[in-house]
Structures are given as structure tokens and as C-alpha cells.
Amino acid sequence: LSSLTIILKTGGCRHNRCRMCSYRHERYTGIPEGSLSTLLKSQLDWVLATHAIQEIRMIKIYTSGSFFDPGEVPPEVMRTAANIFRGKLIIAETRPEFVESAMIEEFIAAIDTGEWKTPLIVAMGLETTSDEIREKCIDKGFTWNDFLKAVGEARKGGAGVKAYLLHKPLFLTEKEAREDMKNSIRITAGIADHVSMNPCTVQRNTELEYYWKKGAYRPPYLWSVLSLL
């Protein structure tokens, strides 16, 4: 399935605290009020100008935080994206608190041509099924119940669900991280349509990088990743 991954530079992630994430720094700052929509639409124009969209069947949309956060991606930009990518299978990443069935339903109505049984997949960075690890090791700012509520909203709106899981965040040993990922995959596989395991990497200007430079963190070993797969 031919696909295109788009990472939009936006007004920035509203949460802005995850210990391992440098993407939250990729944002527009000091821009005139009301200019965010124009800047985002210009990025979409560039995509159209540089890629043969008609030949691509799947579009993956990422931002600094949440595609469905109206403060990060204004509604008129979402509508523009829906019109541009109408007929495609779309995967859009967002935090759980911005998943509302009415918005999802409206977006699907704009992209759906009947080609796909489920034309939209809402992707969320769940990271782990453990609230303690998610809060203390990642500072993600939401709970397992928040994720479940978002899953319900996505399905009510007619979308599928994809969950991203983070292998070996800060403060876990290799064994603890491996056991957490095993448990998280088993639990999440019965709830989400797709599960993506993401081995943690060291990104610049993050709290995780600070610990890595001090020798207090290392990314997961390849054998650990392979054993989970």
C-alpha cells in the first residue's frame, strides 16, 4: 500500500511535557495572531506541489502533538486536509483528550468515498498500560481510562484505533521495560486495531537526553526488541 507521511509544523503540543519528546519543540513561535491557518495551509500546498497525491493511497498525518487539537490545528485546516486527501486511508495522531466522536464523524464524512471500510484510524501514544509508568517515567498527562474513553469516542465516530507503545522509557531496567511491554501489548491488542511498538530513542533537548549524557540511561538492547517481536 503506497503511503505518504506528513509531519506538520504547528502551534505546538499543548501538553508539552513528555520526558523523551523533542517534537514538542518543533512549533511556530511569535507568529501574528490568526496566521497559523495560513502557515499550515502553505505546508499542505507544498505537499500537493511535490508529491503525486493521486497515486498515494494512505496518508499518515503527524504534528508536534495532536492533529485533532483545534488550538494546534485550526478546524479550517482540518477541513482543508480532509478535502485534499479525500478517498485516502488516513492515520492521524492525537492525544486522547481531543478525540470527540462528533469531530471524528465530521472528518470521516469529508474524506470517505466508500473505498475503505474504515477510512480513518485515530492513532494515540498510549506508551504503556501502566498508569504509574506513564506518569512517572514519561509524564504523559493522561490515564488508561482516558485512553479507553478516547477509544470509545473514536469508534462512536466511525474510526479505527492505533496505539503506540514505548519500549523502555526513563527509569526502567531492561527487564522491567521488557515485562511492561509484554503486558502492554497483550492488553492493548484486545482493544486497539493496530499496535505499534516503538523502541525509545534519545532525542535532543529532552530530559531523557540529560540522563543519557550522564550515563544514567541507555536505549533498549536489540535482543530485547527482538524477543518482544
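Leaving aside its neighbours within four places in sequence, with which residues is S101 in contact? S101, whose place is in helix α3, is in contact with E153, K156 and G157, where contact means heavy atoms within 4.5 Å. Because its relative accessibility is 12%, S101 counts as buried, a term used here for under 20% relative accessible area, with exposed meaning over 50% and partly exposed what lies in between (1.4 Å probe, protein chains only). Helices (H or I, at least four residues) and strands (E, at least two) are DSSP runs numbered from the N terminus.

This is a predicted model, in which local features need pLDDT of at least 70 and side-chain atom pairs count only at pLDDT 80 or more, while totals for chains, interfaces and linings use all residues. Residues are numbered from 1 along each chain as its sequence is written, and side-chain values use heavy atoms, with hydrogens and water left out.

Six strands, in the order β1-β2-β3-β4-β5-β6, form an open sheet with parallel pairing, two strands being paired if DSSP finds at least two bridges between them. At the edges stand β1 (3–7) and β6 (194–199), each of which pairs on one side only. On average, and with direction ignored, neighbouring strands of this sheet are turned by 20° against each other; axes are lines fitted to C-alpha atoms, for helices over the stretch in contact, and angles run from 0 to 180 degrees between N-to-C directions. Helix α5 packs on the sheet, where it touches β4 (120–127) and β5 (160–167), and its direction makes about 180° with that of β4.

Between β1 and β2 the pairing is parallel and runs over 5 bridges, and the bridge partner of I6 in β2 is I61. L4, which lies in strand β1, counts as buried because its relative accessibility is 10%. Not counting residues up to four places away in sequence, L4 touches V47, H51, I53, I56, M58, I59 and K60; the C-alpha atoms of L4 and V47, 43 residues apart along the chain, are separated by 9.7 Å. Strand β2 is mostly covered, with 4 of its 5 residues buried.

A nonpolar core is a set of buried Ala, Val, Leu, Ile, Met, Phe, Trp, Tyr and Cys residues joined through side-chain atoms within 4.5 Å. The largest such core has 47 residues, and those with the most contacts inside it are F67, F68, F85, I90, L120 and V122. Helix α5 (residues 144–156) gives the most to this core, with 5 residues. F85 touches I6, L44, I53, I59, I61 and I90, again not counting residues up to four places away in sequence. A second, separate core of 13 residues includes I133, I138, L172 and C200.

The structure holds 7 aromatic pairs, counted for rings of Phe, Tyr and Trp (its six-membered ring) whose centres lie within 6.5 Å, with planes under 30 degrees apart taken as stacked, over 60 as edge-to-face and the rest as tilted. F68 and F107 form an edge-to-face pair, at 5.6 Å centre to centre and 90° between the planes. This pair links distant parts of the chain, since F68 is in the loop between β2 (58–62) and α2 (75–84) and F107 is in helix α3 (residues 101–111), 39 residues apart. Both F68 and F107 are buried, and ring pairs link F67, F68 and F107 into a cluster.

Y221 and W223 form a stacked pair, at 6.3 Å centre to centre and 20° between the planes. Y221 is partly exposed because its relative accessible area is 36%, while W223, at 52% relative accessibility, counts as exposed. The charged end of R218 sits over the ring of Y221, 3.7 Å from its centre, and that of K168 sits over the ring of Y217, 5.8 Å from its centre; the criterion is that NZ of Lys or CZ of Arg is within 6 Å of the ring centre and within 35 degrees of the ring normal.
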